Amino acid sequence: MQTLRRCWIQQFYRDHTGVRLREQKDLPAGRDRLASPYDTDARYAVKRGSGWTGYKVHLTETCEPDRPHLVTHVATTPAPVDDSEVTALVHEGLERRGVLPDEHAVDSA
């Protein structure tokens with residue numbers, strides 16, 4: 001019931017004429033707004049013109065030109081989390097396994 005209540009409060013409001021749908025400008029930020037009552041952690045995000053509801057996977061791979069590219073770390077976050085916000089977490093994981101790179105290029109939108 002709390003999830004349904006939260007969805008309704010985010011999408012509708014009541015005034016002297018009754019219940020009204022909120023305009024886009026009056027909705028909570030995507031990071032805070034529920035995107036699905038079935039998965040309360042899923043969020044809506046847009047990157048490079050593509051929008052989706054759900055999560056974002058942050059992949060880290062090796063990129064030496066003379067060696068195969070290998071995935072060295074995977075992190076999953078709510079969709080609006082920027083890659084640069086996960087960098088410290090990724091570095092901790094790589095360091096624990098002894099594979100921290102000398103240089104790390106990150107897509108910071």
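## Salt bridges

Let us begin with a charged pair: Lys25 and Asp26 join their side chains in a salt bridge, with N and O 3.6 Å apart. A salt bridge here is a side-chain nitrogen of Lys or Arg within 4 Å of a carboxyl oxygen of Asp or Glu. Lys25 is exposed at 65% relative accessibility, while Asp26 is partly exposed at 37%. In these terms, buried means under 20% relative accessible area, exposed over 50%, and partly exposed in between (1.4 Å probe, protein chains only).

The structure is a predicted model, in which local features need pLDDT of at least 70 and side-chain atom pairs count only at pLDDT 80 or more, while totals for chains, interfaces and linings use all residues. Residues are numbered from 1 along each chain as its sequence is written, and side-chain values use heavy atoms, leaving out hydrogens and water.

## Two more pairs

The whole structure holds four salt bridges. One of them links Arg20 to Asp15, at 2.9 Å from N to O. Arg20 is partly exposed at 37% relative accessibility, and Asp15 is partly exposed at 26%.

Another is formed by Arg31 and Glu85, whose closest N and O atoms are 2.9 Å apart. Arg31 sits in the loop between β2 and β3 and Glu85 in helix α2, so this pair ties together parts that are 54 residues apart in sequence. Helices (H or I, at least four residues) and strands (E, at least two) are DSSP runs, numbered from the N terminus. Arg31 is partly exposed at 40%, as is Glu85 at 46%.

## A buried arginine

Arg33 lies in the loop between β2 (18–21) and β3 (43–47). Arg33 is buried but has no salt bridge, and the nearest side chain of opposite charge, Asp32, is 8.9 Å away. For charge, Lys and Arg count as positive and Asp and Glu as negative, while His and the chain ends are not counted. Beyond its neighbours within four places in sequence, Arg33 is in contact (heavy atoms within 4.5 Å) with residues including Gln10, Leu27 and Arg43.

## A lysine in strand β4

Lys56 belongs to strand β4 and is buried, at 12% relative accessibility. A polar atom of the Lys56 side chain lies 3.0 Å from the backbone oxygen of Val81. Leaving aside neighbours within four places in sequence, the contacts of Lys56 include Lys47, Ala75, Pro78 and Asp83. Lys56 and Asp83 are 27 residues apart in sequence, with their C-alpha atoms 9.0 Å apart in space.

## A loop residue with positive phi

Arg48, in the loop between β3 and β4, has a phi near 50°, a positive value in a residue other than glycine. Most residues other than glycine have a negative phi. Arg48 is exposed, with a relative accessible area of 68%.

Technical notes:
A polar contact is a pair of N or O atoms within 3.5 Å; within protein, one must be able to donate a hydrogen and the other to accept it, and residues adjacent in sequence count only if both atoms are side-chain atoms.
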